[in-house]
Amino acid sequence: MIKTLSGDSSRLRATVDFVKEQDTATLLPLLLPGLDGPELRALAERCRFSHAALLVLPDDATALRTMLADCGLVADGPPQPSVVVRERLAARHRRRAADLDVGILRPPVECHDGSRRTVEVFTLTAPPDSGLAPLAAHEREHQHEAHVAFEVTAPDPLVLRGLCAAFARYGATPDGGGYNPHENGTVFYFAASPEAKGDYRRVELYVPGDHRDLLADHLAEHRARRPAETLLRLLTGAWTTQALAAFAGLCVPDHLAADRATTLDDLTRATDTSPRHLATLLRYLAMLGVVDRQEDGFRLTALGTLLRADAPDSMRALALMYGGPFYQSFAGLDRTVRTGEVAFEHHFGENHFDHFARDPELAALFDRSMAAGSRMFDPLPSHPVLTAAAQAPGGGTVVDVAGGNGELLGRILTAHPGLHGVLLERPHAAEAARRLLDTAGCAARCSFRAGDFADVPPGGDVYVLSRILHDWDDERCRTILRHCARAMPDHADLLVVERVLPADGSYSLATAWDLHMMCNVGGRERTADHYARLFADAGLALVDRTPLPLDGSVLHVRKDAAATV
């Protein structure tokens, strides 16, 4: 039994023997008691036993090489950083993660059944005089990082959810995990059922690729078992908002690259910042996966790249808005809840439209933030209504009502060269849209109208209201929709893009945006039924609803032939 052996070498040798002797179909029922029959076969087809793991704590690199050689193992290179285990050790022993240089090796093992697996060796050098002796003694005694792992053979999100659900049915519970950018792999840890047989009490599902969306649900369930830690993470969420806003506002991402590290000295010179304080910010952002800390500096992850000003899908403007004016006004949320007054208006003395309009730089930032949001709705140009309009003789016309700087309309016109566009906006926004669409090569097919909702132009084939109605109360929404209905020919379609509140109260970004709209704008998000009633009041009818990324929806609306507006 592994837990009765002493010494890193003995444990490593026992782990090698275990890997050689086991196979997927034998090991799964030991870890998930009661699993058998068709479900066992289904799981064995979708994940395979890939390795067993342990943490060793050698005095130095020579001791590690000797240990591996004694067990017949040959590493295929130097240890790679192990982000997940480093963070777990730091949390468990209340140490700074940056002070724990945890590496990972995966030497291969030829198994008795002819297959080739690995032993996953986490290594933390712990010289006798390093101050790590208490940590090393604790880890050797308790073997927290010892586990067996199964690699998901087809990393499809649906398959992964099914595997996690199957593990839960047989008593396994979430026990952490993480994404390793060095390998582009996602790790899901489980604590095995108390009835599990054998020496291992932790199970890993390793999934190639970035699956942090599913990992978030897994970690949330894990943290729910530790309410004090969960609450503390929630209470410090404001720190994350400000850290991201400062990172973007200081233009640090613009001086970092994704394919190479930039030294701290170079970054501080380029951004005119304090070395020590910038290092503290970057360590925090590394913990969040925004940057990757390497020996010779920092590099951007895919997440951090979105905060570069020149990124194709840049979200820099959103970071500055959420960490700037909207952050300031959120401090008055309690007043909004108590009195119904919009916190933004109380803090700034005017509504956000007027406030942004009188400050050209702030207005431009707001329009860029809305444009960044438009990129989240990439599937919209392929909506059947737009495709049909593009195929009409002579090409159809799309009217984007309050279309901001034209980002969304530009995407629609680019996808459908046969379409013509009309953009209705405030004067300064209409001019910004003209410039953007000219750069995109679409301005020749578009006209620009300066005006308000009462000026919705008639004669279009498709009308678009993208994230407009959630800005307003019900009565104002009815007025906007009536203006659209009066302008629409009988054959025209209206596409309304919004985040729709789930009727069953399930998790949705729409619920968070409902709070944001209440506090900062005085608007609200709504259920599909609520929207359908507003449409009916304006003589319109909801035809269907299509999901969009990030919990968005496109509501397809037409004139109700039986109604009179």
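A nonpolar core is a set of buried Ala, Val, Leu, Ile, Met, Phe, Trp, Tyr and Cys residues joined through side-chain atoms within 4.5 Å. In this predicted model, the largest such core has 48 residues. Leu12, Leu32, Val148, Phe150, Phe188 and Leu205 touch the most other members of that core.

Phe188 illustrates these contacts. Leaving aside residues up to four places away in sequence, Phe188 touches Leu160, Cys164, Gly176, Val203, Glu204, Leu205, Val207, His211, Leu214, Leu215 and His218.

| Helix pair | Crossing angle | Axis separation |
|---|---|---|
| Helix 2 (residues 24-31) and helix 3 (residues 37-46) | about 120° | 10 Å |
| Helix 23 (residues 474-487) and helix 25 (residues 528-537) | roughly 50° | within 8 Å |

With an angle of about 120°, helix 2 is oblique to helix 3. On the helix 2 side, Thr24, Ala25, Leu28 and Pro29 contribute to the contact, meeting Leu40, Leu43 and Ala44 of helix 3. By class, this contact of helix 2 with helix 3 comprises 6 nonpolar residues, 1 polar residue and no charged residues.

Helix 23 and helix 25 are likewise oblique to each other, and helix 23 passes helix 25 in a right-handed crossing. Here Asp474, Cys477, Arg478, Leu481 and Arg482 of helix 23 meet His530, Leu534, Phe535 and Asp537 of helix 25. The residues in the contact of helix 23 with helix 25 divide into 4 nonpolar, 1 polar and 4 charged.

Key: Residues numbered from 1 in each chain as written. Predicted model: local features only at pLDDT ≥ 70, side-chain atom pairs only at ≥ 80, totals over all residues. Heavy atoms only, no water. Axes fitted to C-alpha atoms, helices over the stretch in contact; angles between N-to-C directions. Helix = DSSP H or I, 4+ residues; strand = E, 2+ residues; numbered from the N terminus. Parallel < 35°, antiparallel > 145°, perpendicular 65-115°, else oblique. Contact = heavy atoms within 4.5 Å. Nonpolar A, V, L, I, M, F, W, Y, C, P; charged D, E, K, R; others polar. Buried < 20%, exposed > 50% of the residue type's maximum accessible area, 1.4 Å probe, protein only. Left-handed = near helix turned anticlockwise from the far one by under 90°.
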